[in-house]
Amino acid sequence: MKLAPLVAACGLAVLAGVASAQDAWIVGQSAPLTGSNAAMGRDIRDGAAAYFKMLNARGGISGRPVELVTLDDANNRQTAGANTQKLLGEKRAVALFGFASATLSLDAIPQAEKANTLFFAPLSGADPVRKAPPVVYTMRASYGEEMEKILGFWTGLGMKKVVVVHYDDEVGTQNFALVSQYLSKNGGTPPAALALKRNQAVDDAHVDQLREHKPDVIINTALSGAASEISKRLAKRGSFVPMSSLSFVGAQQYIDAAGAAAAGVSIAQVVPNPSSGAPVVRECAKALADAGITAPMNSTHLEACIGAKVLAEAMRRARKPGDPTALLAAMASLGSYDAGGFVVHYGAGRRHGSSYVDLGMVSRDGKLKG
């Protein structure tokens with residue numbers, strides 16, 4: 001997937017317009033452009049950059065273009081923290097935007113708080129970005145809300161034995177706790193777990209461990225690489241276990257990696273289906289096409305594009321163009337904003353814009369059906 005009109009020569013920054021740091025809105029982003037989660041990282045970058053490119057073609061905001069500077073963190077928490085320091089210092093970003101996970105946000109959020117700079121729309125619904133300092137504003141539903149949708153579906157069908165695939169870290173154990181709390185509250189059986197190290201390859205021993213629990217359903221909270229490998233190895237053994245994933249898996253990234261083994265897997269979605277007719281879906285699809293993206297728009301592209309549009313609206317309302325403090329105040333008072341069939345609301349005591357969750361299922365032809 002290429003974004004030639006937008007990629008800077010150094011390969012580290014994506015520029016949505018030609019401008020100097022003195023007269024542009026600099027939006028800073030750390031994302032995994034290489035490594036185990038590179039497909040999702042590039043899609044996050046491309047979705048936002050495409051929207052800003054379209055915006056700049058219309059004159060930018062308050063006479064200033066918007067410049068998205070994306071630094072590669074290779075899905076490493078410490079690198080994301082170092083990137084944040086550079087974005088806030090050397091690059092003088094007015095906002096941090098679209099970090100690819102809660103883990104990649106952990107070392108960035110304290111820096112944003114210290115700088116009193118907006119940290120907007122991380123692609124995560126985990127506690128570290130939900131229970132965060134007041135500079136953090138999210139756009140998507142929480143993982144708790146996603147779990148309610150997923151587990152409500154399966155328990156409604158009488159499924160009792162649940163195995164949770166999660167990472168053996170702070171965020172992963174919190175995801176496991178969400179499932180435990182839901183099942184306990186609703187009189188269910190305590191779940192079992194398959195804990196993975198981040199960036200660890202899934203092998204037959206993991207699948208054996210999973211099958212030993214004889215699950216009725218697998219709840220996946222890991223990324224597409226691990227989830228797809230589980231699906232493929234189960235399919236190779238002729239074993240089908242229903243599986244649902246948090247949106248964190250990256251629907252298209254998982255489908256591409258799992259191939260035919262993805263059929264029947266359900267995935268939570270926190271933005272409209274990219275094949276729907278919502279106005280913002282059409283707008284973002286056009287922006288991506290105009291930016292040179294030839295692959296069909298996926299939900300990661302769309303979420304990043306919508307996030308860029310919401311951020312741009314806050315920029316328009318900022319009383320002092322290009323000022324981080326004014327932009328943070330504008331986001332805090334944004335109120336209800338309809339991006340085109342996807343509504344967010346921010347205000348006093350409300351920093352999480354949406355609670356929208358849908359549950360899609362992968363069809364035999366590799367499409368996510370709502």
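Q: Does α9 pass α10 in a left-handed or a right-handed crossing?
A: The crossing is right-handed. A crossing is left-handed if the near helix is turned anticlockwise from the far one by less than a right angle, and right-handed if clockwise. Helices (H or I, at least four residues) and strands (E, at least two) are DSSP runs, numbered from the N terminus.

Q: What kind of model is this, and how are residues numbered?
A: The model is predicted: local features need pLDDT of at least 70, side-chain atom pairs count only at pLDDT 80 or more, and totals for chains, interfaces and linings use all residues. Residues are numbered from 1 along each chain as its sequence is written, and side-chain values use heavy atoms, with hydrogens and water left out.

Q: Back to the helices: at what angle do α9 and α10 pack?
A: Helix α9 (residues 224-236) packs against α10 at about 40°, and their axes are 9 Å apart. Axes are lines fitted to C-alpha atoms, for helices over the stretch in contact, and angles run from 0 to 180 degrees between N-to-C directions. The two helices are therefore oblique; angles under 35 degrees count as roughly parallel, over 145 as roughly antiparallel, 65 to 115 as roughly perpendicular and the rest as oblique.

Q: Which residues meet there?
A: From α9, Ser224, Ala227, Ser228, Ser231 and Lys232 meet Gln253, Tyr254, Ala257 and Ala258 of α10. Contact means heavy atoms within 4.5 Å. By class, this contact has 4 nonpolar, 4 polar and 1 charged residues. Ala, Val, Leu, Ile, Met, Phe, Trp, Tyr, Cys and Pro count as nonpolar, Asp, Glu, Lys and Arg as charged, and the others, Gly among them, as polar.

Q: And how do α6 and α7 cross?
A: The axes of α6 and helix α7 (residues 170-185) come within 10 Å and cross at roughly 50°, which means that α6 is oblique to α7. This crossing is right-handed.

Q: Which residues of α6 take part?
A: Tyr143, Gly144, Met147, Glu148, Leu151, Gly152 and Thr155 of α6 meet residues of α7 including Leu178, Val179 and Tyr182. The contact divides into 7 nonpolar, 4 polar and 2 charged residues.

Q: Changing topic: how many aromatic pairs are there?
A: A search of the whole structure finds 9 aromatic pairs. Rings of Phe, Tyr and Trp (its six-membered ring) pair if their centres lie within 6.5 Å; planes under 30 degrees apart count as stacked, over 60 as edge-to-face and the rest as tilted.

Q: Where do Phe120 and Tyr346 lie?
A: Phe120 is in strand β4 (residues 118-120) and Tyr346 in strand β12 (residues 343-346), so the pair ties together parts that are 226 residues apart in sequence. Both residues are buried; buried means under 20% relative accessible area, exposed over 50%, partly exposed in between (1.4 Å probe, protein chains only).

Q: What about Tyr143 and Phe248?
A: Their ring centres are 6.5 Å apart and their planes at 65°, so this pair is edge-to-face. Tyr143 lies in helix α6 (residues 143-156) and Phe248 in the loop between β9 (243-245) and α10 (251-258). Tyr143 is buried at 2% relative accessibility, and Phe248 is buried at 6%.

Q: Is Lys86 buried, partly exposed or exposed?
A: Lys86 is partly exposed, with a relative accessible area of 32%. Lys86 is found in helix α2 (residues 77-88).
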